[in-house]
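The sequence and the model are shown first.

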Amino acid sequence: MDNQRLILFFALAFILFLTWEAWQADYGPQPVAGSQVESTGGAPTAEVPKDVPIAQQPHSDSAAKADPPAAPDTGMEASPANQRIHVRTDTFDIEIDTRGGDIREADLLDYPVASDKPDEPFRLLKDTLPNLFVAQTGLLSDSAAPDHYANFTAQRSDYELAPGQDELRVPLVWQDDSGIKVTKTLVFYRGSHVIDVEQTIENNSADAWQGRQYRQLQRSRPDGSGESAFIYTYTGGVIYSEAEKYEKIEFDDMAEQSLSRDINGGWAAMIQHYFLGAIIPPPDQTNHFYTKAPGDDRFVLGLVSPSESVAPGQSASFTTRFFVGPKEQDVLEDLAEGLDLTVDYGMLTVIAKPLFWVLDWFHGLFGNWGWAIIMVTLIIKLIFYPLSAASYRSMANMRKFAPKMQQLKERYGDDRQRMSQAMMELYKKEKINPLGGCLPMIVQIPVFIALYWVLLESVELRQAPFILWIQDLSIRDPYYVLPLLMGVSMFVQQKLNPPPPDPVQAKVMMALPIIFTLFFAFFPAGLVLYWLANSVLSVAQQWYITAKIEKAAETKK
(Lines give C-alpha, C1' and ligand atoms only; values in the text may rest on other atoms or scores of the structure.)
Protein backbone atom coordinates (compact mmCIF):
# COMPACT_ATOMS: atom_id res chain seq x y z
CA MET A 1 0.00 0.00 0.00
CA ASP A 2 1.59 3.29 -1.07
CA ASN A 3 1.82 6.50 0.88
CA GLN A 4 -1.11 8.08 -0.94
CA ARG A 5 -3.42 5.45 0.45
CA LEU A 6 -1.93 6.01 3.88
CA ILE A 7 -2.64 9.73 3.69
CA LEU A 8 -6.18 9.03 2.52
CA PHE A 9 -6.60 6.59 5.40
CA PHE A 10 -5.49 9.21 7.91
CA ALA A 11 -7.75 11.82 6.34
CA LEU A 12 -10.80 9.59 6.46
CA ALA A 13 -9.98 8.45 10.01
CA PHE A 14 -9.67 12.04 11.17
CA ILE A 15 -12.88 13.15 9.48
CA LEU A 16 -14.72 10.12 10.85
CA PHE A 17 -13.39 10.96 14.31
CA LEU A 18 -14.75 14.51 14.11
CA THR A 19 -18.07 13.20 12.78
CA TRP A 20 -18.28 10.68 15.63
CA GLU A 21 -17.58 13.42 18.19
CA ALA A 22 -20.37 15.58 16.76
CA TRP A 23 -22.76 12.60 16.70
CA GLN A 24 -21.93 11.76 20.32
CA ALA A 25 -22.64 15.35 21.31
CA ASP A 26 -26.09 15.27 19.75
CA TYR A 27 -27.30 11.65 19.83
CA GLY A 28 -24.90 9.61 21.95
CA PRO A 29 -25.89 7.83 25.17
CA GLN A 30 -26.42 10.22 28.06
CA PRO A 31 -26.07 9.69 31.82
CA VAL A 32 -29.27 8.98 33.68
CA ALA A 33 -29.98 12.37 35.15
CA GLY A 34 -32.91 11.39 37.27
CA SER A 35 -31.50 8.55 39.33
CA GLN A 36 -32.24 8.70 43.04
CA VAL A 37 -29.88 7.32 45.68
CA GLU A 38 -31.16 6.50 49.13
CA SER A 39 -30.31 9.11 51.75
CA THR A 40 -28.18 7.92 54.66
CA GLY A 41 -26.79 9.31 57.86
CA GLY A 42 -28.53 12.68 57.92
CA ALA A 43 -28.03 13.33 54.21
CA PRO A 44 -30.43 15.76 52.58
CA THR A 45 -33.58 14.48 50.94
CA ALA A 46 -34.97 15.55 47.58
CA GLU A 47 -36.03 18.89 49.03
CA VAL A 48 -34.58 21.62 46.82
CA PRO A 49 -35.53 25.22 46.15
CA LYS A 50 -38.95 24.98 44.56
CA ASP A 51 -38.63 28.13 42.50
CA VAL A 52 -35.30 28.94 40.86
CA PRO A 53 -34.85 32.61 39.99
CA ILE A 54 -34.35 33.81 36.49
CA ALA A 55 -31.27 36.01 36.58
CA GLN A 56 -32.71 39.09 35.03
CA GLN A 57 -31.04 42.13 33.63
CA PRO A 58 -30.43 44.49 36.55
CA HIS A 59 -33.00 47.22 37.08
CA SER A 60 -35.23 45.82 34.32
CA ASP A 61 -38.85 46.48 35.32
CA SER A 62 -40.28 44.68 32.31
CA ALA A 63 -38.26 41.54 33.07
CA ALA A 64 -39.37 41.58 36.69
CA LYS A 65 -43.01 41.80 35.71
CA ALA A 66 -42.64 39.03 33.16
CA ASP A 67 -41.40 36.57 35.80
CA PRO A 68 -42.09 37.74 39.35
CA PRO A 69 -39.72 36.04 41.81
CA ALA A 70 -40.91 33.92 44.71
CA ALA A 71 -38.74 32.84 47.63
CA PRO A 72 -38.27 29.06 47.91
CA ASP A 73 -39.82 27.42 50.97
CA THR A 74 -39.95 30.66 52.98
CA GLY A 75 -43.13 32.40 51.92
CA MET A 76 -41.35 35.76 52.12
CA GLU A 77 -42.08 38.34 49.49
CA ALA A 78 -38.94 39.30 47.59
CA SER A 79 -38.05 42.96 47.25
CA PRO A 80 -36.83 44.34 43.93
CA ALA A 81 -34.46 46.73 45.73
CA ASN A 82 -30.78 45.75 45.42
CA GLN A 83 -27.28 47.16 45.44
CA ARG A 84 -24.11 46.12 43.64
CA ILE A 85 -20.89 45.55 45.58
CA HIS A 86 -17.70 45.88 43.59
CA VAL A 87 -14.80 43.60 44.57
CA ARG A 88 -11.36 43.74 42.98
CA THR A 89 -8.41 41.42 43.64
CA ASP A 90 -5.30 40.63 41.62
CA THR A 91 -7.25 37.94 39.70
CA PHE A 92 -10.90 39.10 39.84
CA ASP A 93 -13.08 42.07 39.11
CA ILE A 94 -16.41 41.01 40.60
CA GLU A 95 -19.90 42.34 41.23
CA ILE A 96 -22.00 40.91 44.05
CA ASP A 97 -25.70 41.67 44.37
CA THR A 98 -26.99 42.41 47.87
CA ARG A 99 -30.15 40.63 46.79
CA GLY A 100 -29.27 37.06 47.66
CA GLY A 101 -25.54 37.71 47.77
CA ASP A 102 -25.28 36.35 44.21
CA ILE A 103 -22.03 36.64 42.28
CA ARG A 104 -23.44 38.35 39.21
CA GLU A 105 -20.32 39.30 37.27
CA ALA A 106 -16.77 37.96 37.33
CA ASP A 107 -14.03 39.30 35.08
CA LEU A 108 -10.79 37.27 34.94
CA LEU A 109 -8.09 39.93 34.96
CA ASP A 110 -5.29 37.63 33.76
CA TYR A 111 -7.29 36.46 30.73
CA PRO A 112 -8.10 39.11 28.10
CA VAL A 113 -10.99 38.54 25.71
CA ALA A 114 -8.51 38.59 22.82
CA SER A 115 -4.79 38.98 22.33
CA ASP A 116 -5.34 42.33 20.59
CA LYS A 117 -7.45 43.57 23.55
CA PRO A 118 -5.08 43.07 26.50
CA ASP A 119 -6.91 45.58 28.71
CA GLU A 120 -10.37 43.98 28.34
CA PRO A 121 -10.68 40.99 30.71
CA PHE A 122 -12.70 37.91 29.86
CA ARG A 123 -16.08 37.93 31.63
CA LEU A 124 -16.93 34.42 32.79
CA LEU A 125 -19.94 35.24 34.99
CA LYS A 126 -22.61 37.68 33.80
CA ASP A 127 -26.29 38.17 34.58
CA THR A 128 -27.55 39.21 31.16
CA LEU A 129 -28.20 37.30 27.97
CA PRO A 130 -26.55 35.95 25.93
CA ASN A 131 -24.31 33.57 27.86
CA LEU A 132 -25.87 34.25 31.25
CA PHE A 133 -23.91 32.59 34.07
CA VAL A 134 -24.29 33.38 37.81
CA ALA A 135 -23.39 31.74 41.14
CA GLN A 136 -26.03 31.71 43.90
CA THR A 137 -26.26 30.60 47.53
CA GLY A 138 -29.03 30.53 50.14
CA LEU A 139 -30.55 28.77 53.14
CA LEU A 140 -33.58 26.49 53.38
CA SER A 141 -35.58 26.29 56.61
CA ASP A 142 -39.14 26.01 57.88
CA SER A 143 -38.35 29.05 60.01
CA ALA A 144 -36.74 32.33 58.98
CA ALA A 145 -33.85 31.99 56.51
CA PRO A 146 -32.50 34.07 53.63
CA ASP A 147 -32.62 32.54 50.16
CA HIS A 148 -31.20 34.04 46.99
CA TYR A 149 -34.06 36.55 46.83
CA ALA A 150 -33.44 37.95 50.33
CA ASN A 151 -32.00 41.44 50.70
CA PHE A 152 -28.71 41.70 52.56
CA THR A 153 -26.93 44.80 53.79
CA ALA A 154 -23.25 45.57 53.30
CA GLN A 155 -20.89 47.87 55.15
CA ARG A 156 -19.32 49.13 51.94
CA SER A 157 -20.00 49.09 48.22
CA ASP A 158 -16.34 48.72 47.20
CA TYR A 159 -13.70 46.25 48.35
CA GLU A 160 -10.16 45.87 47.04
CA LEU A 161 -7.35 43.50 47.94
CA ALA A 162 -4.60 45.80 49.20
CA PRO A 163 -0.89 45.30 48.46
CA GLY A 164 0.53 42.76 50.88
CA GLN A 165 -2.96 41.50 51.80
CA ASP A 166 -3.49 37.80 51.08
CA GLU A 167 -7.19 37.53 51.99
CA LEU A 168 -10.20 39.77 51.43
CA ARG A 169 -13.47 39.19 53.30
CA VAL A 170 -16.76 40.70 52.09
CA PRO A 171 -19.55 40.32 54.72
CA LEU A 172 -23.26 40.62 53.95
CA VAL A 173 -25.84 40.68 56.76
CA TRP A 174 -29.48 39.58 56.83
CA GLN A 175 -31.65 39.79 59.96
CA ASP A 176 -35.21 38.74 60.71
CA ASP A 177 -37.57 40.19 63.29
CA SER A 178 -37.66 36.81 65.03
CA GLY A 179 -34.01 37.18 66.05
CA ILE A 180 -32.34 35.10 63.34
CA LYS A 181 -29.23 36.79 61.96
CA VAL A 182 -27.27 35.44 59.00
CA THR A 183 -23.88 36.75 57.93
CA LYS A 184 -22.85 35.61 54.47
CA THR A 185 -19.11 36.21 53.98
CA LEU A 186 -17.41 35.84 50.62
CA VAL A 187 -13.66 35.25 50.98
CA PHE A 188 -11.20 36.02 48.18
CA TYR A 189 -7.50 35.08 48.06
CA ARG A 190 -4.44 36.55 46.40
CA GLY A 191 -3.37 34.75 43.24
CA SER A 192 -6.42 32.46 43.35
CA HIS A 193 -9.72 31.92 41.53
CA VAL A 194 -11.22 30.27 44.61
CA ILE A 195 -14.10 32.00 46.42
CA ASP A 196 -15.10 30.61 49.80
CA VAL A 197 -18.62 31.33 51.07
CA GLU A 198 -19.40 31.17 54.79
CA GLN A 199 -23.02 31.45 55.99
CA THR A 200 -23.11 31.95 59.76
CA ILE A 201 -26.46 31.69 61.56
CA GLU A 202 -26.85 33.42 64.93
CA ASN A 203 -29.98 32.27 66.69
CA ASN A 204 -31.19 35.01 69.02
CA SER A 205 -34.75 33.71 68.95
CA ALA A 206 -36.55 31.64 71.56
CA ASP A 207 -36.74 28.51 69.39
CA ALA A 208 -34.19 26.21 67.81
CA TRP A 209 -33.36 26.92 64.17
CA GLN A 210 -32.90 24.09 61.72
CA GLY A 211 -32.03 24.35 58.05
CA ARG A 212 -29.70 23.62 55.15
CA GLN A 213 -27.65 25.59 52.72
CA TYR A 214 -27.90 25.35 48.96
CA ARG A 215 -25.57 26.65 46.28
CA GLN A 216 -26.17 26.59 42.59
CA LEU A 217 -24.85 27.65 39.22
CA GLN A 218 -27.34 29.05 36.74
CA ARG A 219 -26.58 29.65 33.10
CA SER A 220 -28.09 29.80 29.63
CA ARG A 221 -27.05 27.91 26.53
CA PRO A 222 -24.03 29.43 24.81
CA ASP A 223 -24.78 31.55 21.77
CA GLY A 224 -21.76 30.15 19.94
CA SER A 225 -20.11 33.52 19.36
CA GLY A 226 -16.35 33.32 19.00
CA GLU A 227 -16.37 29.54 18.46
CA SER A 228 -15.25 27.94 15.23
CA ALA A 229 -17.88 25.96 13.37
CA PHE A 230 -15.23 23.31 12.71
CA ILE A 231 -14.34 22.78 16.39
CA TYR A 232 -16.69 21.25 18.94
CA THR A 233 -16.09 21.72 22.66
CA TYR A 234 -18.55 20.78 25.39
CA THR A 235 -20.51 23.43 27.27
CA GLY A 236 -22.84 22.28 30.04
CA GLY A 237 -23.07 20.62 33.43
CA VAL A 238 -20.64 18.15 34.94
CA ILE A 239 -20.71 16.27 38.25
CA TYR A 240 -18.18 14.01 39.93
CA SER A 241 -18.76 11.25 42.46
CA GLU A 242 -16.67 8.41 43.79
CA ALA A 243 -19.11 5.86 42.35
CA GLU A 244 -19.75 7.27 38.87
CA LYS A 245 -16.63 9.45 38.48
CA TYR A 246 -16.90 12.11 35.77
CA GLU A 247 -20.41 12.61 34.32
CA LYS A 248 -21.70 15.14 31.85
CA ILE A 249 -25.20 16.47 32.58
CA GLU A 250 -26.13 18.21 29.37
CA PHE A 251 -28.67 21.00 29.09
CA ASP A 252 -31.04 18.69 27.25
CA ASP A 253 -30.77 16.21 30.14
CA MET A 254 -31.76 18.96 32.56
CA ALA A 255 -34.71 19.92 30.40
CA GLU A 256 -35.97 16.34 30.08
CA GLN A 257 -35.51 15.13 33.65
CA SER A 258 -34.20 16.72 36.83
CA LEU A 259 -31.15 15.23 38.47
CA SER A 260 -31.83 14.06 42.03
CA ARG A 261 -28.95 12.24 43.68
CA ASP A 262 -27.18 12.12 47.05
CA ILE A 263 -23.38 12.13 46.68
CA ASN A 264 -20.66 11.98 49.31
CA GLY A 265 -17.94 14.50 48.49
CA GLY A 266 -17.67 15.09 44.76
CA TRP A 267 -18.33 18.41 43.06
CA ALA A 268 -20.57 20.03 40.44
CA ALA A 269 -19.60 22.42 37.67
CA MET A 270 -20.72 24.28 34.59
CA ILE A 271 -17.91 24.09 32.07
CA GLN A 272 -17.08 25.64 28.73
CA HIS A 273 -14.06 25.93 26.48
CA TYR A 274 -11.06 26.85 28.65
CA PHE A 275 -13.10 27.98 31.73
CA LEU A 276 -15.47 26.68 34.40
CA GLY A 277 -17.49 27.54 37.44
CA ALA A 278 -17.46 24.79 40.08
CA ILE A 279 -19.09 24.11 43.46
CA ILE A 280 -16.76 22.15 45.74
CA PRO A 281 -18.37 20.92 48.99
CA PRO A 282 -16.37 19.49 51.92
CA PRO A 283 -15.01 16.10 50.79
CA ASP A 284 -16.50 14.21 53.76
CA GLN A 285 -20.01 15.70 53.41
CA THR A 286 -23.00 14.14 51.66
CA ASN A 287 -24.94 16.62 49.56
CA HIS A 288 -28.04 16.37 47.45
CA PHE A 289 -27.21 17.16 43.81
CA TYR A 290 -30.03 18.56 41.69
CA THR A 291 -30.71 20.19 38.35
CA LYS A 292 -33.59 22.33 37.13
CA ALA A 293 -34.65 23.88 33.85
CA PRO A 294 -36.80 26.85 34.97
CA GLY A 295 -37.64 27.86 31.41
CA ASP A 296 -36.56 30.52 28.98
CA ASP A 297 -33.50 28.39 28.15
CA ARG A 298 -32.07 28.67 31.69
CA PHE A 299 -30.48 25.74 33.51
CA VAL A 300 -29.53 25.22 37.15
CA LEU A 301 -27.09 22.77 38.71
CA GLY A 302 -26.86 22.82 42.49
CA LEU A 303 -26.24 21.13 45.83
CA VAL A 304 -28.19 21.04 49.12
CA SER A 305 -26.22 20.33 52.30
CA PRO A 306 -27.18 18.18 55.29
CA SER A 307 -29.35 19.80 57.92
CA GLU A 308 -27.85 21.84 60.76
CA SER A 309 -29.57 22.65 64.06
CA VAL A 310 -28.82 25.85 66.01
CA ALA A 311 -30.09 26.13 69.58
CA PRO A 312 -31.32 29.48 70.97
CA GLY A 313 -28.38 31.71 71.84
CA GLN A 314 -25.99 29.62 69.71
CA SER A 315 -24.45 30.00 66.25
CA ALA A 316 -23.36 27.69 63.46
CA SER A 317 -21.80 28.05 60.03
CA PHE A 318 -22.20 26.50 56.59
CA THR A 319 -19.20 26.65 54.28
CA THR A 320 -18.71 25.95 50.62
CA ARG A 321 -16.14 26.67 47.96
CA PHE A 322 -16.55 28.05 44.46
CA PHE A 323 -13.95 27.99 41.73
CA VAL A 324 -14.49 30.53 38.96
CA GLY A 325 -11.65 30.55 36.49
CA PRO A 326 -9.48 28.81 33.90
CA LYS A 327 -8.94 25.07 33.49
CA GLU A 328 -5.38 24.99 34.77
CA GLN A 329 -4.77 21.33 35.44
CA ASP A 330 -2.24 21.63 38.26
CA VAL A 331 -4.54 24.06 40.13
CA LEU A 332 -7.65 21.93 39.63
CA GLU A 333 -5.87 18.74 40.78
CA ASP A 334 -5.07 20.37 44.12
CA LEU A 335 -8.63 21.64 44.69
CA ALA A 336 -10.62 18.42 44.43
CA GLU A 337 -10.29 14.87 43.21
CA GLY A 338 -11.21 14.61 39.55
CA LEU A 339 -11.66 18.35 39.01
CA ASP A 340 -8.82 18.34 36.47
CA LEU A 341 -11.02 16.07 34.31
CA THR A 342 -12.95 19.20 33.32
CA VAL A 343 -10.03 19.62 30.92
CA ASP A 344 -11.90 17.16 28.75
CA TYR A 345 -9.51 15.01 26.72
CA GLY A 346 -12.20 12.38 26.22
CA MET A 347 -11.49 8.65 26.10
CA LEU A 348 -7.79 9.20 25.42
CA THR A 349 -7.08 11.07 28.66
CA VAL A 350 -4.56 8.39 29.68
CA ILE A 351 -2.47 9.33 26.61
CA ALA A 352 -3.31 13.03 26.51
CA LYS A 353 -2.18 13.84 30.06
CA PRO A 354 1.42 12.62 29.58
CA LEU A 355 1.50 14.49 26.26
CA PHE A 356 0.48 17.68 28.05
CA TRP A 357 3.13 17.16 30.73
CA VAL A 358 5.81 16.84 28.03
CA LEU A 359 4.40 19.86 26.19
CA ASP A 360 4.41 21.86 29.42
CA TRP A 361 7.99 20.80 30.15
CA PHE A 362 9.18 22.02 26.75
CA HIS A 363 7.28 25.26 27.29
CA GLY A 364 9.19 25.75 30.52
CA LEU A 365 12.40 25.11 28.59
CA PHE A 366 11.72 27.40 25.60
CA GLY A 367 9.14 29.80 27.02
CA ASN A 368 7.13 29.39 23.81
CA TRP A 369 4.22 27.03 23.21
CA GLY A 370 4.81 26.95 19.45
CA TRP A 371 8.34 25.58 19.82
CA ALA A 372 7.00 23.21 22.49
CA ILE A 373 4.50 21.82 19.94
CA ILE A 374 7.28 21.31 17.40
CA MET A 375 9.48 19.55 19.96
CA VAL A 376 6.65 17.25 21.10
CA THR A 377 5.98 16.40 17.45
CA LEU A 378 9.66 15.57 17.02
CA ILE A 379 9.65 13.37 20.15
CA ILE A 380 6.57 11.50 18.89
CA LYS A 381 8.24 10.94 15.51
CA LEU A 382 11.38 9.61 17.23
CA ILE A 383 9.36 7.26 19.47
CA PHE A 384 7.50 5.87 16.46
CA TYR A 385 10.56 5.87 14.21
CA PRO A 386 10.83 2.04 14.10
CA LEU A 387 7.19 1.77 13.03
CA SER A 388 7.51 4.60 10.53
CA ALA A 389 10.73 3.14 9.15
CA ALA A 390 9.03 -0.22 8.59
CA SER A 391 6.18 1.58 6.86
CA TYR A 392 8.41 3.62 4.59
CA ARG A 393 10.56 0.59 3.75
CA SER A 394 7.41 -1.22 2.68
CA MET A 395 6.43 1.77 0.54
CA ALA A 396 9.91 1.98 -0.97
CA ASN A 397 9.83 -1.73 -1.84
CA MET A 398 6.46 -1.30 -3.49
CA ARG A 399 7.81 1.71 -5.37
CA LYS A 400 10.28 -0.59 -7.15
CA PHE A 401 7.41 -2.69 -8.43
CA ALA A 402 5.32 0.22 -9.67
CA PRO A 403 6.23 -0.48 -13.33
CA LYS A 404 5.14 -4.12 -12.97
CA MET A 405 1.85 -3.01 -11.42
CA GLN A 406 1.32 -0.64 -14.33
CA GLN A 407 1.92 -3.53 -16.72
CA LEU A 408 -0.69 -5.61 -14.88
CA LYS A 409 -3.15 -2.76 -15.21
CA GLU A 410 -2.53 -2.48 -18.95
CA ARG A 411 -2.82 -6.24 -19.35
CA TYR A 412 -6.08 -6.75 -17.48
CA GLY A 413 -7.71 -3.38 -18.15
CA ASP A 414 -11.06 -3.11 -16.39
CA ASP A 415 -11.06 -6.70 -15.15
CA ARG A 416 -10.54 -5.77 -11.50
CA GLN A 417 -10.92 -9.31 -10.20
CA ARG A 418 -8.13 -10.75 -12.38
CA MET A 419 -5.96 -7.71 -11.73
CA SER A 420 -6.35 -8.15 -7.97
CA GLN A 421 -5.44 -11.84 -8.26
CA ALA A 422 -2.35 -10.97 -10.31
CA MET A 423 -1.27 -8.33 -7.81
CA MET A 424 -1.63 -10.74 -4.91
CA GLU A 425 0.51 -13.26 -6.78
CA LEU A 426 3.12 -10.55 -7.32
CA TYR A 427 3.06 -9.65 -3.63
CA LYS A 428 3.51 -13.30 -2.69
CA LYS A 429 6.32 -13.88 -5.18
CA GLU A 430 8.28 -10.76 -4.17
CA LYS A 431 7.44 -11.18 -0.44
CA ILE A 432 5.73 -7.81 -0.21
CA ASN A 433 3.27 -7.07 2.58
CA PRO A 434 0.68 -4.68 1.10
CA LEU A 435 -0.41 -3.71 4.62
CA GLY A 436 3.14 -3.04 5.77
CA GLY A 437 2.82 0.66 5.02
CA CYS A 438 -0.48 1.05 6.81
CA LEU A 439 -0.65 -1.10 9.93
CA PRO A 440 2.31 0.54 11.73
CA MET A 441 0.65 3.91 11.24
CA ILE A 442 -2.66 2.77 12.73
CA VAL A 443 -0.92 2.46 16.10
CA GLN A 444 -0.13 6.19 15.95
CA ILE A 445 -3.72 7.33 15.42
CA PRO A 446 -4.67 7.36 19.16
CA VAL A 447 -1.58 9.48 19.89
CA PHE A 448 -2.51 11.93 17.15
CA ILE A 449 -6.11 12.25 18.38
CA ALA A 450 -4.92 12.65 21.99
CA LEU A 451 -2.54 15.44 20.99
CA TYR A 452 -5.36 17.02 18.98
CA TRP A 453 -7.42 17.29 22.19
CA VAL A 454 -4.45 18.53 24.21
CA LEU A 455 -3.90 21.39 21.79
CA LEU A 456 -7.62 22.13 21.62
CA GLU A 457 -8.53 21.95 25.32
CA SER A 458 -5.50 23.34 27.16
CA VAL A 459 -6.14 26.90 28.36
CA GLU A 460 -2.38 27.39 28.56
CA LEU A 461 -2.34 27.71 24.75
CA ARG A 462 -5.10 30.33 24.75
CA GLN A 463 -3.67 33.55 23.26
CA ALA A 464 -0.18 32.03 23.36
CA PRO A 465 2.09 33.69 20.77
CA PHE A 466 4.48 31.79 18.51
CA ILE A 467 6.52 33.91 16.09
CA LEU A 468 5.96 36.82 13.72
CA TRP A 469 2.30 37.01 12.72
CA ILE A 470 1.16 34.05 14.88
CA GLN A 471 0.24 35.82 18.11
CA ASP A 472 -2.47 33.40 19.24
CA LEU A 473 -2.11 29.65 18.76
CA SER A 474 -5.73 29.04 19.84
CA ILE A 475 -7.27 30.81 16.80
CA ARG A 476 -6.78 30.40 13.07
CA ASP A 477 -3.77 31.78 11.26
CA PRO A 478 -4.95 35.28 10.20
CA TYR A 479 -3.03 35.09 6.91
CA TYR A 480 -3.48 31.33 6.27
CA VAL A 481 0.27 30.85 5.89
CA LEU A 482 0.48 27.71 8.05
CA PRO A 483 -2.38 25.92 6.22
CA LEU A 484 -0.76 26.75 2.85
CA LEU A 485 2.62 25.46 4.01
CA MET A 486 0.92 22.34 5.29
CA GLY A 487 -0.73 21.80 1.91
CA VAL A 488 2.63 22.21 0.16
CA SER A 489 4.27 19.69 2.50
CA MET A 490 1.50 17.17 1.79
CA PHE A 491 1.95 17.72 -1.95
CA VAL A 492 5.70 17.11 -1.65
CA GLN A 493 5.04 13.98 0.37
CA GLN A 494 2.81 12.68 -2.39
CA LYS A 495 5.48 13.31 -5.00
CA LEU A 496 7.83 11.00 -3.12
CA ASN A 497 5.59 8.12 -4.19
CA PRO A 498 4.48 6.92 -7.59
CA PRO A 499 0.90 7.76 -8.55
CA PRO A 500 -1.69 5.07 -7.79
CA PRO A 501 -2.54 2.81 -10.74
CA ASP A 502 -6.23 3.61 -10.28
CA PRO A 503 -6.94 6.96 -12.06
CA VAL A 504 -9.85 7.75 -9.74
CA GLN A 505 -7.69 7.23 -6.69
CA ALA A 506 -4.94 9.30 -8.29
CA LYS A 507 -7.33 12.23 -8.74
CA VAL A 508 -8.53 11.92 -5.14
CA MET A 509 -4.95 11.93 -3.87
CA MET A 510 -4.10 14.98 -5.97
CA ALA A 511 -7.07 16.84 -4.49
CA LEU A 512 -6.32 15.81 -0.92
CA PRO A 513 -3.70 18.52 -0.16
CA ILE A 514 -6.13 21.16 -1.39
CA ILE A 515 -8.98 19.70 0.68
CA PHE A 516 -6.82 19.54 3.79
CA THR A 517 -5.57 23.09 3.25
CA LEU A 518 -9.14 24.41 3.07
CA PHE A 519 -10.19 22.26 6.01
CA PHE A 520 -7.31 23.35 8.25
CA ALA A 521 -7.57 27.01 7.25
CA PHE A 522 -10.17 27.44 10.00
CA PHE A 523 -8.44 25.32 12.64
CA PRO A 524 -6.50 26.86 15.55
CA ALA A 525 -2.96 27.72 14.51
CA GLY A 526 -1.53 25.38 17.17
CA LEU A 527 -3.22 22.37 15.58
CA VAL A 528 -2.09 23.38 12.10
CA LEU A 529 1.45 23.90 13.39
CA TYR A 530 1.46 20.37 14.75
CA TRP A 531 0.19 18.91 11.47
CA LEU A 532 2.72 20.98 9.48
CA ALA A 533 5.61 19.90 11.70
CA ASN A 534 4.48 16.29 11.51
CA SER A 535 4.18 16.46 7.72
CA VAL A 536 7.61 18.09 7.25
CA LEU A 537 9.26 15.52 9.54
CA SER A 538 7.46 12.73 7.67
CA VAL A 539 8.78 14.05 4.34
CA ALA A 540 12.32 14.18 5.72
CA GLN A 541 12.02 10.74 7.24
CA GLN A 542 10.53 9.19 4.11
CA TRP A 543 13.11 10.81 1.84
CA TYR A 544 15.96 9.56 4.04
CA ILE A 545 14.69 5.98 4.29
CA THR A 546 13.80 5.76 0.59
CA ALA A 547 17.19 7.16 -0.46
CA LYS A 548 18.93 4.69 1.84
CA ILE A 549 17.04 1.71 0.38
CA GLU A 550 17.63 2.83 -3.21
CA LYS A 551 21.33 3.33 -2.48
CA ALA A 552 21.55 -0.16 -1.01
CA ALA A 553 19.80 -1.58 -4.08
CA GLU A 554 22.28 0.16 -6.43
CA THR A 555 25.21 -1.16 -4.40
CA LYS A 556 23.95 -4.73 -4.81
CA LYS A 557 23.88 -4.25 -8.56
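## A buried phenylalanine

Phe275 has a relative accessibility of 1% and therefore counts as buried, a term that means under 20% relative accessible area, with exposed meaning over 50% and partly exposed in between (1.4 Å probe, protein chains only). The model is predicted: local features need pLDDT of at least 70, side-chain atom pairs count only at pLDDT 80 or more, and totals for chains, interfaces and linings use all residues. Residues are numbered from 1 along each chain as its sequence is written, and side-chain values use heavy atoms, with hydrogens and water left out.

## Aromatic pairs

Rings of Phe, Tyr and Trp (its six-membered ring) pair if their centres lie within 6.5 Å; planes under 30 degrees apart count as stacked, over 60 as edge-to-face and the rest as tilted. By this rule the count comes to 17 aromatic pairs. One of them joins Tyr111 and Phe275: the ring centres are 5.7 Å apart and the planes stand at 90°, so the pair is edge-to-face. Because Tyr111 lies in strand β3 (residues 103–114) and Phe275 in strand β16 (residues 275–280), this pair ties together parts that are 164 residues apart in sequence. Strands (E, at least two residues) and helices (H or I, at least four) are DSSP runs, numbered from the N terminus. Both Tyr111 and Phe275 are buried.

Phe275 also pairs with Tyr274, with ring centres 6.5 Å apart and planes at 80°, so this contact is edge-to-face as well. Tyr274 counts as buried because its relative accessibility is 7%. Elsewhere, one aromatic cluster is formed by Phe516, Phe519, Phe520, Phe523 and Trp531.

In β16, 6 of 6 residues are buried. Phe275, Gly277 and Ile279 cover one side, while Leu276, Ala278 and Ile280 lie on the other, and all are buried.

Two strands pair if DSSP finds at least two bridges between them. β16 pairs with strand β15 (residues 267–271) in the antiparallel sense over 4 bridges, and Met270 stands opposite Gly277. The hairpin of β15 and β16 has 3 residues between the strands, and Tyr274 takes a positive phi near 80° there. β16 also pairs in the antiparallel sense with strand β20 (residues 315–326), over 6 bridges; the bridge partner of Phe275 in β20 is Pro326.

## Charges over rings

A charge sits over a ring if NZ of Lys or CZ of Arg is within 6 Å of the ring centre and within 35 degrees of the ring normal. Arg156 lies over the face of Tyr159, at 4.1 Å from the ring centre, and Arg219 over that of Phe133, at 4.7 Å.
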